[in-house]
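Subject: Structure handover

Hi,

Here is the structure you will be working with. My notes follow it.

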Amino acid sequence: IVGGSFTPIESNPWVAAIFSKDRKFVCGGSLIAPCWVLSAAHCFENGGGNTLSDLSVFLGKSAINDTDPVKEQSFTVEKLIVHQKYNMSSFDNDIALLKIKSRSGGCAVRSASARTVCVPPSRTQLPAGVQCTIAGYGKESHRAWHYSKILKQAEVNLLSQTDCKSELYYGDRITKNMICAGSPDWSTDACSGDSGGPLVCEVGGRMFLFGVVSWGENCAMKNKPGVYTQVTRYNRWMAAKTGLSEYMVG
Ligand code: 4AZ
């Protein structure tokens with residue numbers, strides 16, 4: 001995250017940290033049900049060599065390299081479901097589901113540092129200008145060598161599809177499955193390492209997961225907002241793949 005501030009996991013308790021073998025950080029994610037984490041498809045492209053048995057998922061982590069056994073919950077990945085229409089050149093349908101399982105065979109246990117986030121009802125769209133929150137362990141600047149050691153969060157405003165599809169921004173690279181968000185002075189953005197993590201927006205006093213960090217040109221660059229997978233276009237897909245009712249996934 002470029003800009004924004006360091007934040008304890010208790011402020012974003014749905015944030016998941018996904019690692020591959022040798023404790024290498026892969027991507028962020030969001031806990032949408034006790035056994036299910038939503039993330040980005042591009043995190044699991046082969047080449048990164050992230051096969052199922054190499055992956056582990058942590059909840060309740062404020063610092064990427066520190067273990068707090070009281071707050072933290074760790075899981076293996078029982079199923080990795082990458083969207084069947086994910087396009088690795090356009091990043092269309094950049095969404096994936098991970099079914100998690102703890103050492104004792106269970107799923108996430110709700111606590112102050114780990115809880116699910118609501119998924120909004122299908123096709124819900126918020127108006128441009130609404131302020132939402134992104135969170136992640138990604139780089140603090142495009143030029144940084146390392147990811148942030150501590151979880152960060154930042155506020156960004158939703159942009160209209162018309163603005164984001166303008167030639168000045170991204171033109172036709174924006175599909176109907178993407179939404180854009182940025183800060184008015186372009187100082188705040190998601191960055192490398194934040195992929196798969198949440199864009200949450202408050203509606204009626206509750207936090208809803210509207211986006212998954214997907215791509216963007218550079219980080220916090222003028223006229224190049226962050227691009228997010230539009231979660232509300234995938235309610236049926238999430239219900240079908242998880243077996244949860246559509247009510248549970250929005
Ligand atoms: C990345 O490389 C990445 N500024 C994610 C988000 C953005 C840029 C890059 C958005 O994972």
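Below are the ligand site and then the nonpolar cores.

This is a predicted model: local features need pLDDT of at least 70, side-chain atom pairs count only at pLDDT 80 or more, and totals for chains, interfaces and linings use all residues. Residues are numbered from 1 along each chain as its sequence is written, and side-chain values use heavy atoms, with hydrogens and water left out.

- A ligand oxygen sits 2.6 Å from a side-chain N or O atom of S195.
- A ligand nitrogen is 2.8 Å from a polar backbone atom of A190.
- A ligand nitrogen is 3.1 Å from a polar backbone atom of N218.

Alone, the ligand exposes 310 Å², and the protein buries 82% of that (Shrake-Rupley, 1.4 Å probe).

Cores. A nonpolar core joins buried nonpolar residues (under 20% relative accessible area, 1.4 Å probe, protein chains only) through side-chain atoms within 4.5 Å. The largest has 48 residues, and I32, L38, V57, Y137 and M238 have the most contacts inside it. β3 (24-33) is among the elements that supply at least two residues. A separate core of 16 residues includes I1, I134, I179 and F208.

Best regards

Key. A polar contact is a pair of N or O atoms within 3.5 Å; within protein, one must be able to donate a hydrogen and the other to accept it, and residues adjacent in sequence count only if both atoms are side-chain atoms. Buried means under 20% relative accessible area, exposed over 50%, partly exposed in between (1.4 Å probe, protein chains only). Helices (H or I, at least four residues) and strands (E, at least two) are DSSP runs, numbered from the N terminus.
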